[in-house]
Amino acid sequence: MSALDVYVNARMPNTKSTVLFTRAKRKIPGGVNSPVRAWKAVSGTPRFIARGKRAYIFDADNKKYLDFVCSWGPLILGHANARIIKAVATAAQRGTTFGAPTALEVELAERVTRLYPSIEKIRLVSSGTEAAMSAIRLARGYTEREKIVKFDGCYHGHSDSMLVKAGSGIATLGLPDSPGVLRRVASETLVARFNDSDSVRRLFAKHGSAIAAIIVEPICGNMGVIPPDPEFLADLRAITRRHGALLIFDEVITGFRVARGGAQEIYKIKPDLTCLGKILGGGLPLAAFGGARAIMDLLAPEGPVYQAGTLSGNPVAVAAGLEMLALLSRPGVYSQLERKSRQLESGLNDVLTKVGLKAAINRVGSMLTIFFGVESVTNVNHARLSDRAQFARFFHGMLQRGIYWPPAQFEAAFVSLAHSDGDIRKTIQAFGDWARAESRGCTLRTFMLEAIERGEHWRPPRSPAR
Ligand code: PMP
């Protein structure tokens, strides 16, 4: 156990979060309903969140944090937006679910297809996992081929075909990432390297006639933010066309985030199928996949590819999504996000330069990652070289200063429209304070002194607290 583990575990013995986490671990595996929430990558006790308002969240002990997780992407307007709440309440009063079609779904389908010219028809589902899983089934059904190409480090939800990692370098045949995933299913997933078109060409040279689709995060968010090289997405488009395979853009993070029309609008590439989620649901469980009519019409009940959902197109979630899209259609929204995010990026970079800390900051629009200990990150291998121990110290240093950053190195931080210029300045200030302490090699001591100043009487534990 590192000094950081000992410190962060020991310093909050009686908070409500600690008590809740102990209770949670008795009844919920790992105490959480999604693994990253357990803070395994940074140690310590996850804060249990009681409420959120605009850019801030409040934990069970009513401690306030400036939030850059934003529920992992959906909350581009910040927390508890009054208009979304009203839309949700109005919809809920009419009934929370019918299992029958509603006018709202038609309206949402019409709106999304207007914003995404590549999407002629769309199907609503409840999670990004479902969207990607269904898009892949559809691609296999349409092409009558079985293999899928994904990229090392890209995440497309936890369906069996997608839970595949590559070894170091390029594994041509995928291995399951998790027990329970059948080897014969994983082996139909081929793994290439993001930003390396040749790695894709090699897979197609060998398996071209058997590949149904390439699925890609057009801007990677799940190995930290990594933008595509200028030609990369165009290469994927050309390779798939040449071999009669489909191109699937997983825009669960980037859809409505980097532009209203997602990464495909920015990079001007038209995929065959697109997955959407997160922002689309306005903070409620809603996702979608869609694409060319000829492909989508293969879905049941029009065609033979089966896909269904009891709560698909849920009226409360759709109402939240419609309100979200209405709010995002106001002029200047994305330039405002860009301005705030650029201010954050340049402030953080100034601190790095002044203090002399080595780190690379990658940003596209309002998604951003700081990779510690590396000069630049353009692929997953660079990302994996980053200093995760330093990231953990950074995370706790920021938390101490009231900033809630994603609790893992390979994640994107999100700026929302609710983050004020003052909030951004406060974040840069906190980063500067932490970075100066870090560069003197005394973050741990600083933590302790700060705790003592606040009257928390930090003492080293006799035996490591777990
Ligand atoms: N695709 C991408 C690109 C994602 O980032 C995620 C989740 N972060 C998913 C799919 C899965 O979405 P969900 O968690 O809603 O199942």
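Strand 14 is largely enclosed by the rest of the structure, because six of its six residues are buried (a residue is buried if 20 or more other C-beta atoms, placed from the backbone, lie within 10 Å of its own, exposed if 12 or fewer, and partly exposed in between). The structure is a predicted model, in which local features need pLDDT of at least 70, side-chain atom pairs count only at pLDDT 80 or more, and totals for chains, interfaces and linings use all residues. Residues are numbered from 1 along each chain as its sequence is written. Both faces of strand 14 are covered, with Met367, Thr369 and Phe371 buried on one side and Leu368, Ile370 and Phe372 buried on the other.

Strands are DSSP runs of E of at least two residues, and helices are runs of H or I of at least four, both numbered from the N terminus; two strands pair if DSSP finds at least two bridges between them. Strand 13 and strand 14 (residues 367-372) are joined in the antiparallel sense by six bridges. Within this pairing, Val364 stands opposite Met367, and Asn362 stands opposite Thr369. The hairpin of these two strands has two residues between them, and Gly365 there takes a positive phi near 55 degrees. Strand 14 and strand 16 pair, also in the antiparallel sense, over two bridges, and Ala413 of strand 16 is the bridge partner of Leu368.

Helix 2 (residues 16-27) comprises twelve residues and spans 17 Å from its first C-alpha to its last, close to the 16 Å expected at 1.5 Å a residue (1.5 Å times one less than the number of residues). Ser17, Thr18 and Phe21 of helix 2 are buried. These residues lie on the same side of helix 2 because they cover an arc of only 95 degrees around the axis, the arc being that of the directions from the helix axis to the C-beta atoms. On the other side of helix 2, Thr22, Arg23, Arg26 and Lys27 are exposed.

Around the ligand there are 16 residues, of which Ser127, Gly128, Thr129, Gly157 and Val252 come nearest; a residue is near if its C-beta atom, placed from the backbone, lies within 6 Å of the molecule. Helix 5 (residues 128-143) gives the most to this shell, with three residues.

The chain contains 16 helices and 16 strands, and 48% of its 466 residues count as buried.
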